[in-house]
Amino acid sequence: MTPRKKYQIAFFALGWLVAIGVAFQFGLKVVVTRLYARVADGWTTVGQAISDVEGRALRGVRHTSRTDYLEPFRPILRSAEALRIPTRQLFGAYDGDFPKSFSGFAKLEESVGYRFPIISFYAAWGDKPEQQFPTRMVETIDRMGSVALVTWEPWVVDFDSALRPNLLPRSQREYAALASIARGDYDFYLVPWATAAAKFGRPILLRFAHEMNDPYRYPWGPQNGNRPEDFVAAWKHVHLIFQKMGAKNVLWVWSPHISMPWFEYYYPGPEWVDWVGMGVLNYGGVASWSRWWSFHQILEKAYPALLKFEKPLIVCELGTLSHDGDVLEWYRQAFYHIDHTYGRLKAIVFFNQSHDTTMSQYPLNWSVVQSPRVAAFIAMELERKSVL
Amino acid sequence: MRPWADVSEIFRHRRAKPVERWERWVLGLLLFLGLQSVLYMAWWWYRLEHVQNPFLFALLSFATWYGIFRMVVGWYNLFHVEQPDPKPALPGLSVAIFTTSSPGEPYEMFVRTLAAAREIRYPHRTYLLDDTQDPRFAQLAREMGAVHLELVGLPGAKAGKINAALEGRTEEFILVLDPDHVPFPEFLDRVLGYFEDPEVGFVQVAQAYHNPGESFVARAAAEQTFVYYGPILQGMHGTGTAVAVGANCTFRRSALESIGGHGLGLAEDLVTSIRLHARGWKSVYVPEVVSRGLVPSDLQSYLDQQLKWSRGIHDVLFHEYPRAFRRLSGYQRISYLMIGSYYLVGLTSLIYFAIPLIYLFFGRYPAAVLMSEYVQHALPVGLCGVAVYGFVQRWLCDPARERGLHWRGTLLKLGSWSVYLKGFVLSVLGVVVPYIPTSKEKRTASFWKQARVPALLILLSLAAVSWTAYRILFLVSEGQVRISTEVTMGMAGFLAFNTTFMSGRLYAAWKDRERRSE
């Protein structure tokens, strides 16, 4: 055997080894992922059943539960029809520890002496188990007597190329993703999600692809070649899938960025939308592009346009930072205007996130309760509202 | 216990099946896949977003990767699996068999051993190195045609007596036979041929037992040794790192003399072999069963033996290893480091037991990873580990009796973690453990004394579960209770595992209690 031949053999052997190795890892990964997807449903059911046992034991021992407290809201929260035309103003909150922990949320409720009828959280698209329909989360919120507001974010890059060979490579996927959704490329993900939502059966507020008109924020914005008509087409496509799967319990919250112009062009139409949402967040002097805005200053310009949709309005994110301003005064003014200026606001959801890293390198503190006086004030307002 | 019932099958010469070419290819492929799986897991494991509590993450990483690292080095060793070709013994060598007796060792055992030694075919002289000061032993030696040497008050275990006996004898080769071992007639014929190579300093044979059927502990303790005396030592033979294992090793006199006699210490066999290797002597491992002895059959003897080994091995790691390091070959450096750090498993076990307890009591946990991702990345490693373990069992010395999952051995090893930890701590502190020969008779200790550690761990687990139940019912917010069900259950499951792992030792302690009352 010549040395060259030996070298060749070694070369080919190595090639084969690597090929077998890659096939082994890849095969196992696909098998494990598939198996897990199959087991996951059963696993969730078992988890929920155990969780319910815990809940019953807890109620038996503590003689009280959050559900009893929220009993007056029950007629509204338990019926999709009633929730479409709410007869009372509803308050809600999101907590930054969701979905891992409810401790921060419990602390917030404790400090303002209130139980929120709406609990808000965020869910991203993707292949991972925690990116599928958040059964445990919505069930938990339901058991606690509240209704879930799910902000559903189409991060199309989170789908694994290995598992989804028919999708574009990750680097090209974000461009014109909304048109791609509208074409049905992501139905593999949407159908099981919608089916699970239908199976859940009780009302959910679903806020799909929010702030779609903001070119600085999310990949589904106009900067990636997503035109307004693409958004509308995607919205309708997703909506139709939910209809087909019988998910009539899902209420659609259309939620543009109201400080950006031309959001009206993104409106899919009255028969496709149940609520119109918006964020009211005051960044104060935290960055060069921001300054101290009051609740009224943020909302006043867009409000007339929002009214034209003739849908109940929801503030999906309400909050203020404390840079260069008085937080207590901000909330004082906000509640004043909620009462006197913006009568069509049917729901307000506090954004209780103490370490928001989505906008800047250092975390922003959106905690609702920044001082005992703020807590006392909000508690008083919520108390007054619940007597009404 | 069935396979251990037939005495005629047990006391028969056995040799490991030869290694075929295709088997090497399959093993190589398995090892390649295993190695790749390890890299795949490592690449996933160390990610900042997984870290929950940095300190606990560091501990968990240490425990996990210590285990995986050992496995990988073990694979590397297995890849070199090699068996020496059988070599007939040249006639006319002068051979001595040394067997030692100490006070408290049963007389009947020596009757059997000396009788069997007399039946060894190759011409030899048997010596009984005796410090019992019991006239019956001298009488017995005379009857069995052995030379009786009265050697009282010498240091060390066997080593002191062996060194004293070496002086004034002239035999060129010395078989150190453990007194509980019954040698087969072909013993010396299977071993002496390898000394034809003048560089070979010692030849070790497999250590096998005839009493694993006696009790749970005996079976478990024997199971722990099967793979070691099978493929692992064959791999060590392949890399020139085969060690003397304390029983049934045959030495060349000049080799022992070159290092100033047999080494002393709790792991004197290992001390001797590291010194011989450092002197440049070669070693041969013969994967054959040419004698069978006793394995500890009650828990106390087993734990004492394990403490002694772990203390002794750490001594070698801390004292002998650095001294010999420069003169060892690359393979030997790795090999002795691996042997020396074997009993760190006590420390890693402690970490594994502590982590769920820390979560249930204090709510802190090391890493936030998805179960599905963990399974996806750890499963290939686990599968490869099991596949390799299963595959290499084809080279066990006596597969009919030794093949299997060895779950008893694993349970007992896991249950003995506290002893390994104790040995490690004692070595670090430099506390001396007195030498007591591994008991050949049943030792008695109360159930509660033996069950202390596993029972305490199980009690702690119960306390953690109760505390969690109390917290769920009275302290934590409703939402938190409802959403954290899976984590709580997962950790409780982890605890259940730990409790199961303790069950081996607990069961052994309970069985011993029954045996005592018989």
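**Figure 1. Helices H3(B) and H13(B) are oblique to each other.** The model shown here and in the views below is predicted. Angles of 65 to 115 degrees count as roughly perpendicular, and those over 145 as roughly antiparallel. The axes of H3 (residues 54-79) and H13 (residues 345-362) of chain B cross at roughly 140 degrees, so the pair is classed as oblique. The two axes come within 9 Å. The crossing is left-handed. On the H3(B) side, the contact is made by B:Leu56, B:Leu59, B:Leu60, B:Ala63, B:Tyr66 and B:Gly67. H13(B) contributes B:Thr348, B:Ile351, B:Tyr352, B:Ile355 and B:Ile358. By class, nine of these contact residues are nonpolar and two are polar. No charged residue takes part in this contact.

**Figure 2. Helices H4(B) and H5(B) run roughly parallel to each other.** H4 of chain B covers residues 107-118, and H5 of chain B covers residues 135-143. Their axes cross at roughly 15 degrees. Angles under 35 degrees count as roughly parallel, and the pair is therefore placed in that class. The axes come within 10 Å. H4(B) passes H5(B) in a right-handed crossing. From H4(B), the residues that meet the partner helix are B:Tyr107, B:Phe110, B:Val111 and B:Leu114. They face B:Arg136, B:Phe137, B:Leu140 and B:Ala141 of H5(B). Seven residues of the contact are nonpolar and one is charged. None is polar.

**Figure 3. Chain B as a whole: 20 helices and eleven strands.** Chain B has a radius of gyration of 25 Å. The globule rule gives 24 Å for 518 residues, so chain B is as compact as a globular protein of that length. Along the principal axes, the C-alpha atoms fill a box of roughly 85 × 55 × 45 Å. Buried residues make up 49% of the 518 in the chain. Of the contacts in chain B with a separation of 6 or more, 85% are between residues 24 or more positions apart.

**Figure 4. The contact between chains A and B.** Chain A gives 33 residues to the contact, and chain B gives 24 residues. Three helices of chain A each supply at least two residues of the side that touches chain B: H1 (3-62), H5 (103-112) and H6 (135-143). The largest share comes from H1(A), with 18 residues. By class, this side of chain A has 16 nonpolar, ten polar and seven charged residues.

**Figure 5. Chain A as a whole: 14 helices and eight strands.** The C-alpha trace of chain A spans about 95 × 50 × 40 Å along its principal axes. Of its 388 residues, 37% count as buried. Among contacts in chain A between residues at least 6 apart in sequence, those joining residues at least 24 apart account for 76%.

**Figure 6. A cis peptide bond in chain A, from A:Phe98 to A:Pro99.** Most residues other than glycine have a negative phi, and most peptide bonds are trans. Omega for the bond from A:Phe98 to A:Pro99 is near -5 degrees. A:Pro99 lies in the loop between strand S1 (90-95) and H5 of chain A.

**Figure 7. A positive phi at A:Ala176.** Phi of A:Ala176 is near 55 degrees, and the residue is not a glycine. A:Ala176 sits in the loop between helix H7 (170-173) and helix H8 (177-183) of chain A. Its C-beta has 17 C-beta neighbours inside 10 Å. The cut-off for buried is 20 or more, and for exposed 12 or fewer, so A:Ala176 counts as partly exposed.

**Figure 8. A positive phi at a buried residue, A:Glu211.** Phi of A:Glu211 is about 55 degrees, although the residue is not a glycine. The residue is found in the loop between strand S4 (204-208) and helix H10 (228-244) of chain A. A:Glu211 is buried because 27 other C-beta atoms lie within 10 Å.

**Figure 9. A:Lys385 in helix H14 of chain A.** H14 of chain A covers residues 372-387 and includes A:Lys385. This lysine has 17 C-beta neighbours inside 10 Å, and so counts as partly exposed. A:Lys385 and A:Pro75 lie 310 residues apart in sequence. In space they are 18 Å apart, C-alpha to C-alpha.

Terms used:
Residues numbered from 1 in each chain as written. Chains lettered and ligands numbered in written order. Predicted model: local features only at pLDDT ≥ 70, side-chain atom pairs only at ≥ 80, totals over all residues. Contact = placed C-beta atoms within 7 Å. Helix = DSSP H or I, 4+ residues; strand = E, 2+ residues; numbered from the N terminus. Nonpolar A, V, L, I, M, F, W, Y, C, P; charged D, E, K, R; others polar. Axes fitted to C-alpha atoms, helices over the stretch in contact; angles between N-to-C directions. Left-handed = near helix turned anticlockwise from the far one by under 90°. Rg over C-alpha atoms; globule rule 2.2 N^0.38 Å.
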